[in-house]
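Opening the notebook on this one.

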Amino acid sequence: MGGNAKGRTTLEVGADGVALITIINPPVNSLSFDVLNSLKESYDQALRRNDVKAIVVTGANGKFSGGFDITAFGGLQGGKSNFVEMQKPGHVSEILSDTVEGARKPSVAAIDGLALGGGLEVAMACHARISTPSAQLGLPELQLGIIPGFGGTQRLPRLVGLSKALEMMLMSKPIKGEEAHSLGLVDAVVSSNELVQTARRWALDILARRRPWVASLHKTNKLEPLGEAREILKFARAQARKQAPNLTHPVVCIDVIEEGIVSGPRAGLQKEAEEFQRLLHSDTSKSLMHIFFAQRGTSKVPGITDLGLVPRQVKKVAILGGGLMGSGIATALILSNYPVILKEVNEKFLQSGIDRVKANLQSRVKKGQMTREKFDRTLSLLKGVLDYENFRDVDMVIEAVIENVSLKQQIFADLEKYCPSHCILASNTSTIDLNLIGHKTRSQDRIVGAHFFSPAHVMPLLEIVRTQKTSPQVIVDLLDLGKKIKKTPVVVGNCTGFAVNRMFFPYSQAAILLVERGTDVYQIDRAITKFGMPMGPFRMVDLVGFGVAIATGTQFVENFPERSYKSMLIPLMQEDKRAGETTRKGFYLYDDKRKASPDPQIKKYIEKAREVSGVSVDPKLMKLSDKDIVEMIFFPVVNEACRVLDEGIAVKAADLDIAAVMGMGFPPYRGGIMFWADSFGSKYIYSRLEEWTKLYGEFFKPSSYLAERATKGASLSSAAEQAKSRL
């Protein structure tokens, strides 16, 4: 994060005898090894010098420190660190305990902007903390599959009490300066311009014993009595196991905290250091760090974002269609202060669209995420219309009407007439080819896909779909808008289903293939949920509805006939008035609270579908293990992802990892679809698919990309001589 310039600290001694140590490593003053070594040198110097009475630590440019430099973890995980001493568990933690906390001179942390992770751990080793009201303080390490490793597991509970410390660590939840003050994490809250001055006085007051000289590590007044503490930890452990059954690091974090409470803080630090080192090399941590960097890498698109183009300002957006998607997109835009024009075909549809947006905002008010004033202010940005008159000054239009080619073609021809010539013309289609949509216009360089996922104001992914003709400027503009409305944008090429839906079309098809050959519907859903998906493929089909499932399924059968599994199971159920959750009957039965329960009636539809397909039950598939189910359902997805990569629909494998995690709910702690596949190796996946092709047909046939990688024993994610990119 510090680029090539080395991070460092500076030391200035004032006339008052206070040494000011400043952390400098833009943009967030992360603690790289250079910074940590420099911090120790500055401290040693301040402690040696006779003209220094006390020390204040702060960060340059209004930010204390965003934490340990995550880019260095890769080196540690691969064992490539030049800093052999860092490989010794607890090295930094020892420096903080012995040099900072154990010093003969008092030190105070002056916190502005943010003190996260290692940044907060440095501050907690000081003898007092002064913060600005809006500074963010937290220990978010668990998001990366590790635990705080510089003493945070021991000091935070001693400063804020056990329950709050557990919440901050297990939920990676930062708090603001004001709350930190009321909890006792910081000792005073002052404005930015008084911050350093106040900290200097405070340090001198500690020296003169006018203020307490506190070593957080040995503070006990905030800790509950042992019996009570054990109950709190036991409850936290049960919660962690229930909420994240596939993850061990939250439980490890609780064990490390407990060690410090039961056996004393030094024993706690020792255990923290050992576990930190072990977790750093775990698959979970490697996966979560991969996702962390992959998410930041989606906005780098070769041949687009390296041309020096500056995003144009989008001041006003129009949306066509106030249905579920249109209203969700409108909500996302007004929440980020974009004025929105919502167009519908008649008064009734328009009112329903506006009501949907209102309901989306009201649910935020109910949850306490939005005040009434903010609600009114946000809603005032939305204007409903029935014609194109208000489109003359919009910078971008997003079409979100039903999936009908001739209707969309007509709309785009109209937009070309009414919108200014710079206006971006975007479609939220999830299946229709963009070249077809823009066929009747002369503005193909402005046509782009802006594919949101439902519900659009909640789901974090935005697929930006470009055709051969879309101009790089339009992509750059949309990447910028995506970030501003808090989405993670992924740029993909134009094909049926784009990246996410194309990659995942074999997901439900594989599940149906298994069911027709004897695997139990509910066992499949259980195995896939246990693997970490939010729901299994059949529960998902119920949720999206059979109508949508058949419509999108048909697109794939038409476009990829040779590898689609054709089944009459869903159409047969639909003929019998089952359409999923909306009709309270799909693969599951639903009660008033939308709670799903298995339906024994399903068997008759499966038998009928089996007859139509002409397949028989395979005894092997009736007794599949969970591991086999996961592989038989996800390896076809991996196979299709390989094709998406090979055809240049996606720029890089990491983008597909993000698309799978954010678009389909693939578990982030498995690192995304391609990263997870590489943990098996291309040879293994190839041999499994090959074996199933012989038994169950072309649906499983390995792609040429996969076959080629397997022959070389190469990973699926490593960059290759990709086919001419569609980008």
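Predicted model: local features only at pLDDT ≥ 70, side-chain atom pairs only at ≥ 80, totals over all residues.

Entry: helix H31. I looked at which face carries what. The exposed residues Ser-704, Thr-711 and Lys-712 sit on the face turned away from the buried side of H31. Buried in H31 are Tyr-705, Leu-706, Arg-709 and Ala-710. These cover an arc of only 130 degrees around the axis, so they end up on the same side of H31. What do the buried residues of H31 pack against? I find H27 and H30.

Entry: Ser-703 is in the loop between helix H30 (682-696) and helix H31 (704-712). Is Ser-703 buried or exposed? I get 4% relative accessibility, so Ser-703 counts as buried. Skipping neighbours within four places in sequence, I see Ser-703 in contact with Asn-639, Cys-642 and Arg-643.

Entry: cores. The largest nonpolar core has 101 residues, and Phe-391, Leu-415, Phe-587, Phe-634 and Ile-673 have the most contacts inside it. Helix H27 (residues 626-646) gives the most to this core, with 12 residues. Apart from this core I find another, of 71 residues, including Leu-120 and Cys-253. I then checked Phe-634: leaving out residues up to four places away in sequence, its partners include Phe-504, Tyr-507, Phe-666 and Trp-676.

Entry: salt bridges. Searching the whole structure gave me 39. Lys-712 counts as exposed at 57% relative accessibility, and Glu-708 as partly exposed at 39%.

In Glu-275 with Arg-278, the closest N and O atoms are 2.8 Å apart. Both are in helix H12 (residues 265-280), 3 residues apart, so about one helical turn separates them. Glu-275 counts as buried at 15%, while Arg-278 is partly exposed at 48%.

Asp-393 with Lys-316 comes out at 3.1 Å between the closest N and O atoms. Asp-393 and Lys-316 lie in loops, so this pair ties together parts 77 residues apart in sequence.

Last, I noted a network of salt bridges linking Arg-502, Glu-562, Arg-563, Glu-640, Arg-643 and Glu-647. Arg-643 had already turned up as a contact of Ser-703.

Methods: Residues numbered from 1 in each chain as written. Heavy atoms only, no water. Helix = DSSP H or I, 4+ residues; strand = E, 2+ residues; numbered from the N terminus. Buried < 20%, exposed > 50% of the residue type's maximum accessible area, 1.4 Å probe, protein only. Contact = heavy atoms within 4.5 Å. Core = buried A, V, L, I, M, F, W, Y, C linked by side-chain atoms within 4.5 Å. Arc of directions from axis to C-beta. Salt bridge = Lys/Arg side-chain N within 4 Å of Asp/Glu carboxyl O.
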